[in-house]
Amino acid sequence: MYQWTKSYLHNRKAGVLVDGHCGRKVLLRQGVPQGGVLSPTLFILFINDLVPELPKGVQAALYADDLVLWCSEEYATTATYRMQLALENVAAWTEDWCVTINRERTTATLFTLSAKATPGKLTLAMGDTPLKFEDQQTYLGVTYDKRMT
């Protein structure tokens, strides 16, 4: 199995085709073949050690290269604290493994029925980048709004 997986990932080359002219091919030393049938599974195996590092109370869902984190708490401040710890763990993991996260697409939503808890009073950041709070999130084609209606 190891040899088969190695041959799938090893010695891959890519070039750029512009106006019918092919540029010099370069050896790909990182990543998995885009569109490859095994690529999502291999990426999940790669990222799977991140999940056990999450703090107590923070859950995760992985699908291909999408990671969703959530925390359910009685108080929004407690959930925010736990989520910030989780974000710090994710940032440390990405630094250790030389992975880049698209911080522009990393957003947060506070799901609550309480009128007292508002995202304006809460802050989350990925490194030095504050996260944008949005009223809804879409994951795997399902849209969730902040009031869960």
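M148 sits in the segment after β12 (142–145). M148 counts as exposed because its relative accessibility is 53%; my scale is buried under 20%, exposed over 50% and partly exposed in between (1.4 Å probe, protein chains only).

**Ground rules.** A note to myself: this is a predicted model, so local features need pLDDT of at least 70 and side-chain atom pairs count only at pLDDT 80 or more, while totals for chains, interfaces and linings use all residues. Residues are numbered from 1 along each chain as its sequence is written, and side-chain values use heavy atoms, with hydrogens and water left out.

Next I followed strand β5 (residues 58–63) into strand β6 (residues 66–71), and found them paired antiparallel over six bridges. Helices (H or I, at least four residues) and strands (E, at least two) are DSSP runs numbered from the N terminus, and two strands pair if DSSP finds at least two bridges between them. Q59 has W70 of β6 as its bridge partner. Two residues separate the strands of this hairpin, and A64 in the turn has a positive phi of about 55 degrees.

**Y63.** Is Y63 buried or exposed? I put this β5 residue down as exposed, because its relative accessible area is 51%. Beyond residues up to four places away in sequence, Y63 touches Y139 and L140, where contact means heavy atoms within 4.5 Å. Y63 and Y139 are 76 residues apart along the chain, yet their C-alpha atoms are separated by 9.6 Å.

**C71.** In β6 I also checked C71, which is buried at 17% relative accessibility. Leaving aside neighbours within four places in sequence, C71 contacts G57, V58, A79, R82 and M83.

**Helix α3.** Helix α3 (residues 76–96) runs for 21 residues and spans 30 Å from first C-alpha to last, close to the 30 Å expected at 1.5 Å a residue; the expected span is 1.5 Å times one less than the number of residues. Its buried residues include A79, R82, M83, L87 and W93. Which elements cover them? I found α2 (39–47), β5, β6 and β8 (125–126) among the cover. T94, also in α3, is buried at 8% and touches V99 and I101 once residues up to four places away are set aside. Just after the helix, C98 takes a positive phi of about 55 degrees.

**Salt bridges.** I counted two, taking a side-chain nitrogen of Lys or Arg within 4 Å of a carboxyl oxygen of Asp or Glu. R82 pairs with E73, with closest N and O atoms 2.9 Å apart, and E73 is partly exposed at 33%. K146 meets D135 at 3.5 Å, N to O. K146 is in the segment after β12 and D135 in the loop between β10 (132–133) and β11 (136–139), so this pair ties together parts 11 residues apart in sequence. K146 is partly exposed, at 34%.
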